Amino acid sequence: MRRLLLVLLLFALTALGGCAGVPFSNADVEYFQPPIVATQAPERPITNFSLFNNTTKVNLAPMRPVVPTFNGKGNLLASWNPHPEGVKNRPTFVIVHGGHGLVPGDFATALWARKDLGANTLVLDSYWSRGHDQNWVTYTPLGANARMLDAIATGRWLVSQGVDPNKLILMGGSQGGWTVLRTFTDEPFMREHAKGLYRAGISLYPVCNSKGWKEDPTLGPYWGPVLIFTGGKDTATLPDRCPTRVFKDATSWTHYPEATHGWDTSNRGAHTPSVDGECGKALNIYNRFAVCRSDSATRDMHKRIKEFVKRLTSS
């Protein structure tokens with residue numbers, strides 16, 4: 001009787017789009033490639049910052065439709081910033097956004113990677129080019145599998161631009177962190193398409209549920225090095241909701257007990273120093289979680305990432 005109930009439950013989940021435990025395959029690609037409908041970024045995104053002030057004003061490239069999608073049906077918007085001294089022989093960071101879309105912190109991360117690591121940087125959009133501002137519902141066709149395909153498409157394009165895949169790093173927070181974990185999950189599709197493009201992943205305060213469903217897919221184990229950072233006061237993406245393997249299978253997991261979601265928020269924009277300890281609320285109508293800037297957590301995280309990248313790219 002118990003076995004029958006389990007079979008019926010799995011059948012019901014599959015009927016609801018769960019596909020429990022089924023690895024991603026080529027048959028899933030079109031479902032997770034929402035159409036490209038825009039070739040221009042908004043001047044003021046949903047969080048109401050000035051895109052100009054966070055790109056052109058700080059010497060980052062404007063958002064342009066330059067990255068061909070995985071299925072080749074349009075281009076994703078991106079700010080591509082090859083290092084002023086040349087692309088070769090240096091790390092390259094692909095920065096992927098969270099569920100609110102691109103925010104100033106993503107551009108601030110690009111500036112930090114260029115300044116402290118001498119990196120090429122690409123800040124990638126997955127929403128604006130598809131006519132969306134946000135993905136607050138999370139488990140949708142714009143979730144981890146769609147973003148994984150975008151990450152692979154970006155890696156391909158960067159290699160065509162002369163970037164060294166042995167020094168290519170995928171980094172993101174929240175749903176962007178989820179993207180990193182999914183891209184590095186050791187399934188046949190990702191081994192075929194992502195392994196060899198990226199050297200390592202860095203995941204900040206990630207969505208880390210791992211039910212194995214179509215839109216809530218399996219995370220871990222990983223085919224390559226992955227760093228994970230989490231916060232003890234994060235009420236948006238609580239680590240204890242997720243299987244322990246998500247963290248234990250990582251190369252390194254750092255937990256900041258006093259940090260909220262988004263502790264590295266750039267709360268005055270990428271062009272202005274952040275205010276330590278200042279808290280705000282997410283716009284997410286389903287969860288108005290706290291976002292508090294922590295200079296100490298951000299400094300420690302940057303230090304650990306810097307050490308990791310130097311070891312990785314010198315080996």
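**The annotated span and its surroundings**

Mentor: Happy to! UniProt, in an unreviewed entry, lists residues 146-222 as "domain: Peptidase S9 prolyl oligopeptidase catalytic"; its positions follow the numbering used here, feature names are shortened, and annotations may be inferred rather than shown by experiment. Residues are numbered from 1 along each chain as its sequence is written, and side-chain values use heavy atoms, leaving out hydrogens and water. The model is predicted, so local features need pLDDT of at least 70 and side-chain atom pairs count only at pLDDT 80 or more, whereas totals for chains, interfaces and linings use all residues.

Helices (H or I, at least four residues) and strands (E, at least two) are DSSP runs, numbered from the N terminus.

Start with valine 163, in the loop between α4 and β5. Why is valine 163 called buried? Because its relative accessible area is 3%, and buried means under 20%, exposed over 50% and partly exposed in between (1.4 Å probe, protein chains only). Valine 163 touches Trp80, Val87, Thr92, Asn120, Leu158 and Leu168, not counting residues up to four places away in sequence; contact means heavy atoms within 4.5 Å. Leucine 197 is 34 residues from valine 163 along the chain, and their C-alpha atoms are separated by 9.8 Å.

Further along, glycine 220 and proline 221 are joined by a cis peptide bond, with omega about -10 degrees. Proline 221 sits in the loop between β6 (200-204) and β7 (226-231). Most peptide bonds are trans, and most residues other than glycine have a negative phi.

Threonine 138, in the loop between β4 and α4 (144-160), has a phi of about 80 degrees although it is not a glycine. Asparagine 59 has a phi near 65 degrees and belongs to the loop between α2 (51-54) and β1.

Two other loop residues are worth a look. Alanine 119 lies in the loop between α3 and β4 (120-124) and is buried, with 0% relative accessibility. Leaving aside neighbours within four places in sequence, alanine 119 is in contact with His83, Arg90, Pro91, Phe93, Ala113 and Arg114. One of these is phenylalanine 93, 26 residues from alanine 119 along the chain, with a C-alpha separation of 6.7 Å. Threonine 69 is in the loop between β1 (64-68) and β2 (75-81) and is also buried, at 6% relative accessible area. Beyond four places in sequence, threonine 69 touches Gln33, Ile36, Gly74, Leu76, Arg130 and Ala153.

Now the pockets. On a 1 Å grid over the protein atoms alone, a pocket is an open set of points where a 1.4 Å probe fits, with protein on both sides within 12 Å along at least five of seven lines; lining residues have an atom within 4 Å of a point. Grid points are joined across faces, edges and corners, and a volume is the space filled by probe spheres set on the points.

The largest pocket has a volume of about 870 Å³. Its lining has 38 residues, with Thr47, Val103, Pro104, Thr265 and Val291 nearest its centre. At least two lining residues come from each of α3 (104-117), β5 (168-173) and β9 (279-281), and α3 gives the largest share, four. By class, this lining has 12 nonpolar, 21 polar and five charged residues; Ala, Val, Leu, Ile, Met, Phe, Trp, Tyr, Cys and Pro count as nonpolar, Asp, Glu, Lys and Arg as charged, and the others, Gly among them, as polar.

For the second largest pocket, the volume is about 390 Å³. Of its 20 lining residues, Ala108, Trp112, Arg293, Thr298 and His302 lie nearest the centre. α3 and α8 (295-314) are the elements giving two or more residues to this lining. Here, too, the largest share comes from α3, with seven residues. The classes are six nonpolar, eight polar and six charged.

Lastly, confidence: pLDDT is the predictor's confidence in each residue, from 0 to 100. The protein chain has a mean pLDDT of 93, and 94% of its residues reach 70 or more. Residues 1-20 have pLDDT below 50, and this stretch makes 15 contacts in the model beyond near neighbours in sequence. Where pLDDT is low, the predicted coordinates should not be read in detail.
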